[in-house]
Amino acid sequence: MALSENTRERRVRASLAPWLKGVLVALGSVSITMLGLLLITFIIGRVMPIDPVLAIVGERASQTTYDAVYEQLGLDKPLLVQFLYYLWDVLHGDFGMSLLNARPVSEDIKRVFPATLELATLGTLIGVLLGVPLGVIAAVRRGSWIDQIARVVALVGYSMPIFWLGLMGLLIFYGVLGWVGGPGRLDIFYQDIVPTRTGMILIDSAIAGEWGVFRNAFSHIILPATLLGYYSLAYISRMTRSFMLEQMSAEYITTARVKGMSERQVIWGHAFRNIRVQLITVIALSYANLLEGSVLTEIIFSWPGIGSYITTALLSADMNAVLGGTVVVGLIFICLNLFSDLLYRVFDPRSK
Amino acid sequence: MSLLDVENLWVKFPTRQGVVEAVRGISFSLGRERLGIVGESGSGKSMTGRAILRLIRPPGIVEADQIALEGQNLLDLTEKDMRAVRGERISMVMQDPKFSLNPVMRVGDQIMEAYLLHNKVGKVEARKRSLEMLQAVSIRDPERVMRAYPHEMSGGMGQRIMIAMMLIPNPQILIADEPTSALDVSVQRQVLNIMDDLVKQRGMGLIFISHDLNLVSEFCDRVLIMYAGRIVEVCDADKLHQATHPYTRGLLNSLPRLDQPRAKLEVLSRDPTWSEAPSVGGRA
């Protein structure tokens, strides 16, 4: 009896162990990567030929003021200690003060990041919802007109500069046709109507039930989101096509046909199941790319996102803001990687 | 009337260098028997099997006077009607279960899917039938196998699962395309016996495609020998060793035999006239 109890326990532990181990390994690698990221941003902050003290006190400050601020910033301490302070602050969500507007960088990021998140999410949705089916159809009907169209669409997406497409889009759909809202997130009339909850205007206005604001926000976001979506579509559809081509020539596809399945069932029920894992990686990568903030798009559309925030900070030597933004972007990359790793485990039985 | 009657079957693939003819006008019939098709790689034997199921994808072309399943010409059927033939009336087991089973689907789901496609029953019934079928192919722990993924199975297990999956809709004809070539010698015989028993019990016709002459001569009733897309000889399997065509003789002589050891095996020398000679009829 005791023996069987024992073996059962061991069996339970054995089935739990790999899962737990996987999570621990993932968390371990994430923290190490994070540490590396912070170390690099810290070093960049120190080696940049920008004197943070001078940036605060100005050029005409006396030596005593300079020394006081120097000490206040902890710059008299050894580098390692400085790094530990930095680590401590970042872990508490404190990226220091922006030198430009003397507000905490973390607050600035809280304000600008949702704008990018909203834009990138909508863009990725467009890219996935159109790109995946387009890639699948192009693979299944290889060489057909639809495949050719997909090829041209992707090629244009790869090679057309986004600032040109963005300007043309604004000129045609905003300037001439007036179908969409212009630059910015909202018309001035609609600003500050809905309370900020998530910072994403589409969601905030939907929560508040302000559909007028929602419509206006949508008319503003749709053009830049479509533009970003187009670029991710170009990438996603090409990758989907090549993944599907590989699967469609596999022998288990013949098996499915021998069973008497329709082509639709063969494609979506069998082949597509096998590309989900690879597709997740591709989508996560392209999402991460957009979340980094597409600087050009944000500038053309006056979109107050993290891309234009970091760029502005960089141009005005606001190092705290630059580093804070960089850490956030890095964090997003790491999290999305972790997320796609976890989905891998769910969708591919062989990875267990 | 025979189960299947194939008349003047051609399989062609247009390429930039011209049309490749994989199968060149062969005719044969299949009753409730075990028909072996042997030949070397590229002789057109696999293409014959796939052409019967109309699985040759464009740009490949299948032409025949008829491929008649109990008098119904399969070439006249629409793709939709053809789907009702595949699996339910003619099925196929392929070479390597590592590739012919979907790697990300549970074995049970794949078998149940084959049954549910042709039978309007619930999942419970399909599950019950699948378990029975797994037992029929001598799988000891069917409950566990149903939940397993293909990569957790050995080659022999995988091929038995494949046989279970292909026989579960109860087809009349099974095409076995090199079903044991990817297996260890030790389990080849076992898998063959299971397949043989099931085919006999159900009174099915079997087309056994192989390059293994000895296997075919032991296992089949009748043998077609293919060379360069044509049938060069037809004979009863137990009389294979009395075959007369120089190609068949050459193949036989290139095999080592325990009862007649030889210092040096013959190398097959090909005569170009073989591939030009008209196809021999393979009707019983």
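Author: The end C-alpha atoms of residues 4-253 of chain B lie 32 Å apart. That span is 38% helix and 27% strand, where helices (H or I, at least four residues) and strands (E, at least two) are DSSP runs numbered from the N terminus.

Reader: What does the UniProt annotation call residues 4-253 of chain B?
Author: The record, an unreviewed entry, says "domain: ABC transporter". UniProt annotations may be inferred rather than shown by experiment.

Reader: Where do the model and the numbering come from?
Author: This is a predicted model: local features need pLDDT of at least 70, side-chain atom pairs count only at pLDDT 80 or more, and totals for chains, interfaces and linings use all residues. Residues are numbered from 1 along each chain as its sequence is written, while chains are lettered from A and ligands numbered from 1 in the order in which they are written.

Reader: How many helices and strands are in chain B?
Author: Chain B has 11 helices and 11 strands. Its radius of gyration is 19 Å, close to the 19 Å that the globule rule gives for 284 residues, so chain B is as compact as a globular protein of that length. The radius is taken over C-alpha atoms, and the rule is 2.2 Å times the number of residues to the power 0.38.

Reader: Pick a helix. What about H8 of chain B?
Author: H8(B) covers residues 185-201, 17 residues in total. From first C-alpha to last it reaches 25 Å, close to the 24 Å expected at 1.5 Å a residue (1.5 Å times one less than its number of residues).

Reader: Which residues of H8(B) are buried?
Author: Val191(B), Met195(B) and Val199(B). Buried means 20 or more other C-beta atoms within 10 Å of a residue's own, exposed 12 or fewer, partly exposed in between, with C-beta atoms placed from the backbone.

Reader: New topic. How many residues does the contact take from each chain?
Author: It takes 23 from chain B and 17 from chain A. Contact means C-beta atoms, placed from the backbone, within 7 Å. H4(B) gives the largest share of chain B's side, four residues.

How values were computed:
Contact = placed C-beta atoms within 7 Å.
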